[in-house]
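Thanks for coming. I will go through one structure today, starting with the packing inside and then moving to strands and charges. Please look at the screen.

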Amino acid sequence: MCNDFTKEVDKDNIAVITWNCLDKSMNTMTEGGLRSFQTLVTEALSEEKITGIIITSGKDDFSGGMDLSTLEALKRNSGSDPASKIFEYIMEAHDLLRKIELGKMDDNSQSKPVAFAGGGICAGIGTEIGLACHRRFFSSSKRSKIGLPEILVGLFPGLGGTTRVPRMMGLMGASSVLLEGKLFTSEKAKSIGLVDEVVSENELIQKAKNWVLSVSPRELVKPWDQKGFKFPGGAPYHPSGFMSFVGGSALVNGKTKGLYFSAKALLSSVYEGALVDFDSALRIEARWFTKVLMTDTCTNMARTLFLNKGALEKGQQRPPGVKKTNLKQISVIGSGMMGSGIAYASILQGLEVLLIDKNLEAANAGKTKIDMLLSESVKRKKLSEQEKTQLLEKVKTVSSLEKISSSDLVIEAVFEDLKLKHNLYKKIEPHLKEGAILASNTSTLPITKLSEVLANSTRFIGIHFFSPVDKMNLVELIKSEKTNDYALAVALDYTSMIKKTPIVVNDSRGFYANRCIIPYINEGLRMLSEGIEPALIENSAKQIGMPVGPLQLLDELSVSLAINVAKETKEAQGTKYEETGTESILLEMSKKNRLGRKELAGFYEYDEKGRRLKLWEGLKNLNIENTSAEVSTQSVKNRLAYVQALEAVRAFEENILLSVEEGDVGGILGWGCLIWAGGPFSWLDHVGHKNVVVECQRLSDQYGDRFNPPKTIKELASSGRKFYN
């Protein structure tokens, strides 16, 4: 018997049902948990002496939502008709929440008040439980947030969310809650109607009890259960409601390019549900939710962004037997955009940071960047002025490397130049204390090569952050040939402490992410050199689900960086270096001083504030060949998709990438690779490996060997297997 839920009855005969998954740090709903919850709610509603119910949590957070592995297990263990089993499970949850909403087991019973008392993180089914209750009390704690983020992992709020929220807020009001997947602060949640009362954490239960004891019977009937209920702002057939759906459909298709089935299903569930009575709407929602769960792309997306991402964040790759480290202070050498970003991410989680540069003026400039980021958080009311001051005090600027002797972790974040880094390491190593780890934030230079000048290279590791650090959650941890388990464990403990998602890779130029990003950018430049319209290149990229096109991405990274990386690679590989056919365009852009967004001039034009305006008209005057006048949009899309997915497979074959799970998580979080399909490996599974081989052959015949199918793809095609079996 699952004991995720417990029930206690107080002296006023109020039943307090507490959700507390003892084996987890966060409450998530499982099949057994639902049964336990169902039993206790049924008991409380059936017992005559019970005057009311309060649903709360035994943890600081109310719930992280549904345990998606439960739904996967239902699909896996339901024989030839998994859809029916899932639909039954969802309807069982609907029936339970409906009983909570009515406050009784049947029409002959008297309704009992049910209050929700939560705080911390409340997401997914946790929020949907609250929506079914008669009144929602939510903690005023600054860390308390509530919402329905399912759309962000390829699902939609399918346990009452798309039925209740539009009836509460109207179609327009519901759109930001359902389609954007935001978690709202307590006050914002109250202002939009997600919660009813915001109270201090220690008053939650008492306030809820006071309400239970004083509420009148008429307050227990939801508006949609009252005669004559009308949709706030108008139902779909009302003029304003109709316009909401016209605009909503256009907005969703504009943002998703038709790739995310869950968004279409959500709109359909809301629209169809709004045309019928409440209980029929719940059945419609359950059917659409089942359909979403049965699509492989939505399953893949949820698997990558929920199950696999969660496992990585919990330290799945951490070497066994290494004692947990307790970092207090780190040193960051280099106070530019990356160094200051790393320092910012570190102080937010309580670490003290020594920010070091060649002189105090440079180090203080880095601290000013941190100040600006903190000020933005104050502006958005995520921090108070006092909290900002306290955090900024955790950054100490220094110009002497001797100070690093007090740090357990030292991160180098200087310019991508091998000689510069080697000279710096020679100066750093004498000052490292015993047991301290040295890391480089390099994005492309091999870690083994970087460590050659160190007397002890076992404590050296790559910690590659993505730019901008304050927004990008992926961190690539790169092991050299000599990196020991302790260094890896420290790096993983650090990334966990600063709430980033780590993937662990072996050493190679470009590692995993940049190894795949560079071919994507190069393919865009190749097509540009072939005479393909820049707008077709960029829009085709977005139509396969990429957040930005290759030309825009290069503008963000900078042309000068691309030239420098190409130069470093050519020097390192010597005669093995293969020309990409992109060098001439890069050099021409450099000569014209169109180096990217920072310079307000690149492949795009920018205004004085750095806002992107349009593609630069001068692109058509570059030295290009008009060889692709008859090119199809599908061909452009396929080239951009396959060139990065195939490179991901090659990284896996060469043991640079250690698992396809990390490949998909890294692909999505690192450069937004085929998010709608669950990442590059999941996408290849979705296309089907026999189809992949056929298309690769066509592309390689027409465009070159870079599209040759890797050995692993051929093997999967011949055996009928997938990366995820």
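Phe603 touches Leu525, Leu528, Leu551, Leu554, Asp555, Val559, Ile585, Met589, Leu615, Trp616 and Leu619, leaving out residues up to four places away in sequence. Contact here means heavy atoms within 4.5 Å. Before going on: this is a predicted model, where local features need pLDDT of at least 70 and side-chain atom pairs count only at pLDDT 80 or more, while totals for chains, interfaces and linings use all residues. Residues are numbered from 1 along each chain as its sequence is written, and side-chain values use heavy atoms, with hydrogens and water left out.

Back to the core. Phe603, Phe37 and Tyr512 touch the most other members of the largest nonpolar core, which has 166 residues. Helix H23 gives the most to this core, with ten residues. A second, separate core has 38 residues, including Val378, Phe465, Leu488 and Tyr494. A nonpolar core is a set of buried Ala, Val, Leu, Ile, Met, Phe, Trp, Tyr and Cys residues joined through side-chain atoms within 4.5 Å. Buried means under 20% relative accessible area, exposed over 50%, and partly exposed in between, with a 1.4 Å probe and protein chains only. Helices (H or I, at least four residues) and strands (E, at least two) are DSSP runs, numbered from the N terminus.

Now the strands. Which residues of strand S15 point one way, and which the other? Leu409 and Ile411 point one way, Val410 and Glu412 the other, and all are buried. In a regular strand the side chains alternate between the two faces of the sheet. S15 pairs in the parallel sense with strand S12 over four bridges, and with strand S16 over four bridges, also parallel. Two strands pair if DSSP finds at least two bridges between them. Ile411 is the bridge partner of Val332, and Ile411 also stands opposite Ala439 in S16. From S15 the chain crosses through helix H15 to S16 in a right-handed β-α-β crossover. Right-handed means that, with the strands pointing away from the viewer, the path from the first strand over the helix to the second runs clockwise.

S12 also pairs with strand S13, in the parallel sense, over five bridges. S12, helix H12 and S13 make a right-handed β-α-β unit. Four of the five residues of S13 are buried, so this strand is largely enclosed by the rest of the structure.

Last, charges. The structure holds 39 salt bridges. A salt bridge is a side-chain nitrogen of Lys or Arg within 4 Å of a carboxyl oxygen of Asp or Glu. One of them joins Asp10 and Lys209, at 3.1 Å from N to O. The two are 199 residues apart, with Asp10 in the loop between strands S1 and S2 and Lys209 in helix H7. Asp10 counts as buried because its relative accessibility is 18%. Glu416 and Lys421 meet in another salt bridge, at 3.4 Å, and both are buried.

Where does Lys637 lie? Lys637 lies in helix H23. Lys637 is buried yet has no salt bridge, and the nearest side chain of opposite charge, Glu695, is 11 Å away. Lys and Arg count as positive and Asp and Glu as negative; His and the chain ends are not counted. Leaving aside neighbours within four places in sequence, Lys637 is in contact with Ser540, Gln543 and Ile544.
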